[in-house]
Amino acid sequence: MSNILNIDNHYIHEPTGQWGGTDLNNPDMINPWREIQKIVNPKKTIEIGMWAGNASLVMMTLFENLESLVSYDPGRVSEQNAKQIKKYWPRHTYYKEPIWNNEYRHTDIDLIFVDGKHIGDAPSKDLASCFKIKPRYIVMDNIEQPEVRLAARNKYKLFDVKYEPLYWSYSNTKYSSDRKYNMCSPGIMGLFKMEGNY
Ligand SMILES: C[S@@+](CC[C@H](N)C(=O)[O-])C[C@H]1O[C@@H](n2cnc3c(N)ncnc32)[C@H](O)[C@@H]1O
């Protein structure tokens, strides 16, 4: 357990080379969440795309008044880790499925973190779910990726000044089992103020 927030993550299993999750030792990926706590102070939060659960642990550590975090991810790694996480963090709930058609489960949501599949129509479907749930804020990762940007900027017009966008950029270094080399990839995360704008 050696990471910026001293999070005890000994029970987390994170296969190398697959999805790029939040790096607990990268200040540029951790510090935005401190700002989000100050701006949003979320009580009820949803995460779309959990992977190993690193961002789940960051949110549960930094959100001072958090009542519930619900993560959606159809992957097996998330399923395994969510079982462990639940033992230490009872406020965490996990569903092994997309959020699509499950929006009815949620009311009075403060924040949805959109970080699921970044290709095809998935980003757009995730935002469609967000617009049904109507959270106070949306934070969306990897808006530098083409299909995420198409959904956020073109279809849902989240870059409109009325949403008071805030952006954070980071470099994420990890081995890519797809590309077979050590990658340092750029990432951009955006926060959008939705309340008052539906
Ligand atoms: C970038 S990772 C999430 C990283 C995590 N939020 C973090 O910051 O540590 C993307 C995840 O989205 C999941 N995923 C793929 N399709 C999805 C869907 N339709 N709904 C939710 N998650 C999905 C993948 O299984 C993968 O674990």
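This is a predicted model: local features need pLDDT of at least 70, side-chain atom pairs count only at pLDDT 80 or more; totals for chains, interfaces and linings use all residues.
Colleague: Which residues make the contact of H4 with H5?

Modeller: On the H4 side they are Pro 123, Ser 124 and Leu 127, and on the H5 side Glu 147, Val 148, Ala 151, Ala 152 and Lys 155. By class, this contact has five nonpolar, one polar and two charged residues.

Colleague: Why is Asn 101 called exposed, whereas Glu 164 is called partly exposed?

Modeller: The limit for an exposed residue is 12 or fewer neighbours, and a buried residue needs 20 or more. Asn 101 has 10 other C-beta atoms within 10 Å and is therefore exposed. Glu 164 has 13 C-beta neighbours inside 10 Å, so Glu 164 counts as partly exposed.

Colleague: Where do Asn 101 and Glu 164 lie, and what is the phi of Asn 101 and of Glu 164?

Modeller: Asn 101 is in the loop between strand S3 (92–95) and strand S4 (111–114); its phi is positive, about 70 degrees, although Asn 101 is not a glycine. Glu 164 is in the loop between H5 and strand S6 (166–176). Glu 164, also not a glycine, has a positive phi of about 45 degrees.

Colleague: How do you know that the radius of gyration of the protein chain agrees with that of a compact globule?

Modeller: For 198 residues, a compact globule would have a radius of gyration near 16 Å; the protein chain has 16 Å, and therefore the two agree. The C-alpha atoms fill a box of roughly 40 × 35 × 30 Å along the principal axes, and buried residues make up 36% of the chain.

Colleague: How many helices and strands does the protein chain have, and which residues come nearest the ligand?

Modeller: The chain has five helices and seven strands, in the order α-β-α-β-α-β-β-α-β-α-β-β along the sequence. Of the 20 residues around the ligand, Gly 21, Gly 49, Ala 55, Gly 75 and Gly 116 come nearest. The shell divides into nine nonpolar, eight polar and three charged residues.

Notes
Residues are numbered from 1 along each chain as its sequence is written. A residue is near a molecule or strand if its C-beta atom, placed from the backbone, lies within 6 Å of it. Ala, Val, Leu, Ile, Met, Phe, Trp, Tyr, Cys and Pro count as nonpolar, Asp, Glu, Lys and Arg as charged, and the others, Gly among them, as polar. Helices (H or I, at least four residues) and strands (E, at least two) are DSSP runs, numbered from the N terminus. The radius of gyration is taken over C-alpha atoms; the globule rule is 2.2 Å times the number of residues to the power 0.38. Two residues are in contact if their C-beta atoms, placed from the backbone, lie within 7 Å.
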